[in-house]
Amino acid sequence: MLEFNVHKSYSTKNRTVNINCSAKIEGSFTTALYGKSGIGKSTVLRMIAGLETPNEGEISFNGIKWFSKKEKVNFSIAKRKVAFVFQDFNLFPNMTVEENLRYASKDGVISPLISSLLESVNLSDLLLNFPNQLSGGQQQRIAIIRALCQEPDLLLLDEPFSALDDESISELIHEIELIQKQIDIQVLVVTHRKDVVLKMADLVICMDENGNTTQGKPKDLLTRSF
Amino acid sequence: MDYTPFFVTFKLAFLTTLILLVIAIPVAYFLAFSKMRGKIFIESILMMPIILPPTVLGFYYLNFLGPETPIGQFFENTFGISFAFSFEGILIGSIIFCTPFMVSPLINGFRSIPKNIIESTLLLNKSRLNAVRKVYLPMIKKSIWNAVLLTFAHTIGEFGLVLMIGGKMEETNVASVAIYDEMNALNYDTAHHYAIVLLVISFVLILFLNYLTRNNRTTIA
């Protein structure tokens, strides 16, 4: 179970951003963090991963506190055991697909599980290719599989579909579901697209401009306007 | 024609480039990524030789490390090393003078690495040293070549600083100074031979530099 209640504010040249988000995700396979662009969805995901520190709040996973301002707890990225996939520039361009996977794997050995994931998403033939020789969708699929090499407990996806066309998005969603079936991992995906939420999530956390978060079934919530 | 000036020149250029490369990589990494206040002052000091006349640098160098100074005398008496009018002297001077030509391309290279790549190494639990060695340095290969070639080429062309720090000794007689000396002695043929060799070498180095910059196959895949 992932539970968080985080607050962060920061100023840019043009505005001050206040991010508030709280949620309790229990028994959900795939959860979408949904809201307009610039509302702070990615920052929430980054705070969960440990890439950014909240100003206030708490984050816990399966009963273990990863972050608590009050109790002065702040687990390192390594201790949190999360996999994180960005919207772009995930793969190391100086390495082939195989080298990327070996670099991410413990002891530099690609596990049988990762090999079978590659086969199930039809990417085994691309091991010797460099990232710039792959399509956007292939790059994202490899990035997701590479992120799983560390045997994480939670997979965080930050707008993984933003650079893809509709066909590639459907393929990637299908393949994420295939991967989930094989390794039974909880996924939290950030997106601003309703169709993506409706296609892949069984729970949605909606963030609005007033700092409110609403949690529920995608079909129930996304008929409202946010 | 005496080939000793070329030997001294290339020995100086090779050692300057090698030593600076080793020093500049951690310095450039620090300057590219550190959030320390006052970093701009460190960067400005390191970049000063770009606009500073070599004679100014040579003057202060001799004022701090010359044979009459306490530091110069200490090293001379204790270790038998002279920082002026010796090869070691022109090597140190050359390292100081060429620092911006090595550091600047490396800083730009490190800064060109996308933030997501840097954070990906953190998320994969890689140490900074491991990330630098396996990911960042291979990614900025082109910047490293730029830095190496610029430093090497610039050292070959040094004149004022070497003349001030090295004086007129055989071990400090680089090709650019030899041309000046031969001209003064009215040995135009010898000066021409030295000059044409330096001209060709400089052209080849710049050609190679431009080739690296323009050829897409040398960029990171």
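Reader: What makes the nonpolar surface patch of about 580 Å²?

Author: B:Ile196, B:Leu199, B:Val200, B:Phe203, B:Val204 and B:Leu207 make it. Nonpolar side chains (Val, Leu, Ile, Met, Phe, Trp, Tyr) are joined within 5 Å, like charges within 9 Å. The model is predicted: local features need pLDDT of at least 70, side-chain atom pairs 80 or more, while totals for chains, interfaces and linings use all residues. Residues are numbered from 1 along each chain as written, chains are lettered from A and ligands numbered from 1 in written order, and side-chain values use heavy atoms, without hydrogens and water.

Reader: Why is B:Val200 called partly exposed?

Author: Its relative accessible area is 47%. Buried means under 20%, exposed over 50%, and partly exposed lies in between (1.4 Å probe, protein chains only). So 47% makes B:Val200 partly exposed. B:Val200 is found in helix H11 (residues 188-214) of chain B.

Reader: Is B:Met169 buried, partly exposed or exposed, and what value shows this?

Author: B:Met169 has 37% relative accessibility, so it is partly exposed. B:Met169 lies in the loop between helices H9 (160-166) and H10 (175-184) of chain B. From B:Phe87 it is 82 residues away in sequence, yet 9.0 Å away in space, C-alpha to C-alpha.

Reader: How do you know that strands E3 and E10 of chain A pair?

Author: DSSP must find at least two bridges between paired strands. E3 (residues 30-34) and E10 (residues 203-207) share 4, so they pair. They run parallel. A:Tyr34 stands opposite A:Cys206. Both strands belong to an open, mixed sheet, ordered E7-E8-E9-E3-E10-E11.

Reader: Why are E7 and E11 of chain A called edge strands?

Author: E7 (82-85) and E11 (213-216) each have a single partner strand, so one side of each lacks a neighbour in the sheet. The twist averages 15° from one strand to the next.

Reader: What makes helix H1 of chain A packed on a sheet?

Author: The sheet is the open, antiparallel one, E2-E1-E4-E5-E6. Helix H1 (residues 41-49) touches E1, E2, E4 and E5 (64-68). Contact means heavy atoms within 4.5 Å. The direction of H1 makes about 120° with that of E1. Within this sheet, E1 (residues 2-11) and E4 (residues 56-61) pair over 6 bridges. A:Phe4 has A:Ile59 as its bridge partner.

Technical notes: Helices (H or I, at least four residues) and strands (E, at least two) are DSSP runs, numbered from the N terminus. Axes are lines fitted to C-alpha atoms, for helices over the stretch in contact, and angles run from 0 to 180 degrees between N-to-C directions. Patches are made of residues with over 30% relative accessible area and no salt bridge: like charges are joined within 9 Å, nonpolar side chains (Val, Leu, Ile, Met, Phe, Trp, Tyr) within 5 Å. Accessible areas come from the Shrake-Rupley method with a 1.4 Å probe; for residues, only the protein chains shown count as cover. A salt bridge is a side-chain nitrogen of Lys or Arg within 4 Å of a carboxyl oxygen of Asp or Glu.
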